[in-house]
Amino acid sequence: MSKSLAKMKFESSANAIYARMSPAMQERAQALGKLHSYYEETEFDAQFEVYFEEMMVNVVAQLFGHSGKQRVIFVMGESNSGKTSLVEHHLVRRPELQPFVDDDGEERSPILRFDGPSKRTGKALALAGLKALDYDIKSKTMSEQDLYSLFVDQMIENGKVIAYIDEMQQIVRDDDEDKIASVADVIKLMAQVKDYPIHLIFSGLPTLGNFLSAQEDAPNRDQQLSNRVHSVVNLPRMSSTADEDTAMVTTAMTKISVLTGLKLGDVTDAETVDRIMHASSYAFGSIVELVKKAFVNALTYGDNVVEKQNFAAAYSQWRGCLPEENIMSAKEWKQIEPKNSVSHMLPARVQKKKQEPADAANIPTPSAAKKPKKGQ
């Protein structure tokens, strides 16, 4: 099914639901649509924009001679740091990259998007790309080289000059040099196609550095791939002691407040901002999502002001934690690890392993949790 047909089918069903909603629910749906469309630009957006513009210019430089051989951008950061949102934000907003009609009268997009495969081979990467191109593989026994050639041919056939591959860390989850080299070889070959300069954007966890880090036993492989890299954007974890980081959080809250029409209560003080950052593991993407969830909670209950209790309710809904483990309301919140928020639901042997020090006898049971009231 084509994307345009899928969109039409969705809109038909969604409009039917919307028409049967109460006016209050319709208003909430409109507000949520605006809320979830919100994107907060940071200094890293400015950095990426410069690199990305250079990449687009390098693509078309081929028309006037040759494109430079550095054709790969890496965007790296910890989980939920905002890597995918950053790249997608810039791909969507650029007028140069909107769909066009080619010489055959076909509508094309110059960009191909897909997620990195879980299997760590160049063959798996080519198969994932072909699937994203809606190409049906006839033979299941094709060699890696043949699959790569077919993938490139289909990129050319479909007018794709930029490929954005997300979650690329899946393909370099271990230190297997042979597997990393296999994928690195495909990347190098894709970035040096004669007469059709394919450009690549990879985003993923810091383990992507395995493609770039020098290895004593494989210096040539690393150097060859590094020679194809245009730029690297690193999204670090935020710090509650850095004024510029806390300012980013309060700025995001203020802008979302204006967007939704809901006022901010006493939630911009230093401690609350610190709690929000800690609850989100200091990852900017998660921080913005938690802020959005607090506003959704306020909209759900008809609150006109977003208060601390909305953040506590949002965190509880998000993490599934017990009341005493809620970072947004607990007294000893700095001692709570967000990643352990559902440990009370795990078998005792898993609970014991997760606790430091291990003390399964003191783990709260689900029965200890009280039913949350509105906004809690």
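The largest pocket has a volume of about 790 Å³. The model is predicted, so local features need pLDDT of at least 70 and side-chain atom pairs count only at pLDDT 80 or more, while totals for chains, interfaces and linings use all residues. Residues are numbered from 1 along each chain as its sequence is written, and side-chain values use heavy atoms, with hydrogens and water left out.

**Largest pocket**

- The pocket is lined by 40 residues, and the closest to its centre are Asn 80, Ser 81, Gly 82, Phe 284 and Gly 285.
- Two or more lining residues come from each of α2 (23-37), α3, α4 (83-93), α9 (243-260), α11 (284-300) and α12.
- Helix α11 gives the most to this lining, with 6 residues.
- On a 1 Å grid over the protein atoms alone, a pocket is an open set of points where a 1.4 Å probe fits, with protein on both sides within 12 Å along at least five of seven lines; lining residues have an atom within 4 Å of a point.
- Grid points are joined across faces, edges and corners, and the volume is the space filled by probe spheres set on the points.

**Aromatic pairs**

- Rings of Phe, Tyr and Trp (its six-membered ring) pair if their centres lie within 6.5 Å; planes under 30 degrees apart are stacked, over 60 edge-to-face and the rest tilted.
- The count by this rule is 4 aromatic pairs.
- Phe 48 and Phe 52 are stacked because their ring centres are 5.5 Å apart and their planes are at 20°.
- These two residues are 4 apart in helix α3 (residues 43-60), so about one helical turn separates Phe 48 from Phe 52.
- Phe 48 is buried at 0% relative accessible area, and Phe 52 is buried at 1% (buried is under 20%, exposed over 50%, partly exposed in between, with a 1.4 Å probe and protein chains only).
- Tyr 315 and Trp 318 make an edge-to-face pair, with 6.2 Å between centres and 85° between planes.
- Both Tyr 315 and Trp 318 belong to helix α12 (residues 308-319), 3 residues apart, or about one turn.
- Tyr 315 is buried at 0%, whereas Trp 318 is partly exposed at 28%.
- Arg 319 lies over the face of Trp 318, 4.2 Å from the ring centre (the rule asks for NZ of Lys or CZ of Arg within 6 Å of the centre and within 35 degrees of the ring normal).

**Whole chain**

- The protein chain has 13 helices and 9 strands (DSSP runs numbered from the N terminus: helices are H or I, at least four residues; strands are E, at least two).
- Of its 376 residues, 42% are buried.
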